[in-house]
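Here is a short tour of a model, written with ring geometry and strand pairing in mind. Have the viewer open as you read.

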Amino acid sequence: MASFIENMLIEHCSPTLAGIKIANLFSVSKEDRSIALEELEYYRALLFEKGIEISVLGNCGLRFLVYVYRKNMVQKLLKRDDIRLFLKNCGYNLFDIKDVLSVIDHRICNDKCFPHEIGVLLGYPLKDVEGFIRQKGQGCICSGCWKAYGDKCEAEKCFLSIDKCRCEYKRLYREGASIYDLTAYAV
């Protein structure tokens with residue numbers, strides 16, 4: 001029988017497991033907290049050798065977030081000048097993954113507004129994250145896994161690729177493939 005976290009990983013994180021997206025995020029209710037945290041430790045250890053890291057964010061309210069990411073891809077992203085400038089303008093001073101996640105965690109727990117800059121850490125195009133923040137989620141040109149404000153054609157291509165990946169992973173998982181087997185090694 002599939003575990004709670006296994007189902008969440010397949011449903012929400014298939015593109016990251018496949019290596020076509022740098023990260024995914026899903027939420028867990030406090031009712032599922034003890035089971036989820038225990039299972040997350042297992043999957044954190046299991047997937048580490050394949051370059052997948054798992055962090056719990058905002059463990060302070062009715063729900064918490066699970067950030068599943070490819071460490072090497074996020075590190076590369078955080079070295080980009082445009083991403084650093086954006087994060088600096090959002091109040092970040094350090095650009096190590098752990099430091100950035102620490103600020104996001106603090107903001108989720110203590111600020112009235114959700115830190116939508118997390119979108120860049122999910123691999124959303126910077127133009128789309130900036131547009132979402134500036135327009136408060138309104139007036140996007142298209143939406144799928146995120147709301148797009150920049151390149152509609154590229155966004156729709158990404159949405160289709162992510163949807164295909166998710167469907168294929170769900171099928172393979174139903175047919176007996178394990179989370180470990182479905183997770184690509186970091187390149």
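## A charge over two rings

A charge sits over a ring if NZ of Lys or CZ of Arg is within 6 Å of the ring centre and within 35 degrees of the ring normal. K50 has its charged end over the ring of Y180, 3.9 Å from the centre, and also over the ring of Y185, 4.7 Å from that centre.

This is a predicted model, where local features need pLDDT of at least 70, side-chain atom pairs count only at pLDDT 80 or more, and totals for chains, interfaces and linings use all residues. Residues are numbered from 1 along each chain as its sequence is written, and side-chain values use heavy atoms, with hydrogens and water left out.

## Aromatic pairs

Rings of Phe, Tyr and Trp (its six-membered ring) pair if their centres lie within 6.5 Å; planes under 30 degrees apart are stacked, over 60 edge-to-face, and the rest tilted. Y42 and Y43 are edge-to-face, because their planes meet at 85 degrees, with centres 4.8 Å apart.

Y124 and W146 are stacked, at 4.8 Å centre to centre and 25 degrees between planes. Both Y124 and W146 are buried (under 20% relative accessible area; exposed is over 50%, partly exposed in between; 1.4 Å probe, protein chains only). Together with F159 they form one aromatic cluster.

Strands pair if DSSP finds at least two bridges between them; β2 and β3 (residues 63-70) have six, in the antiparallel sense. S55 stands opposite Y67 in β3.

Technical notes. Helix = DSSP H or I, 4+ residues; strand = E, 2+ residues; numbered from the N terminus.
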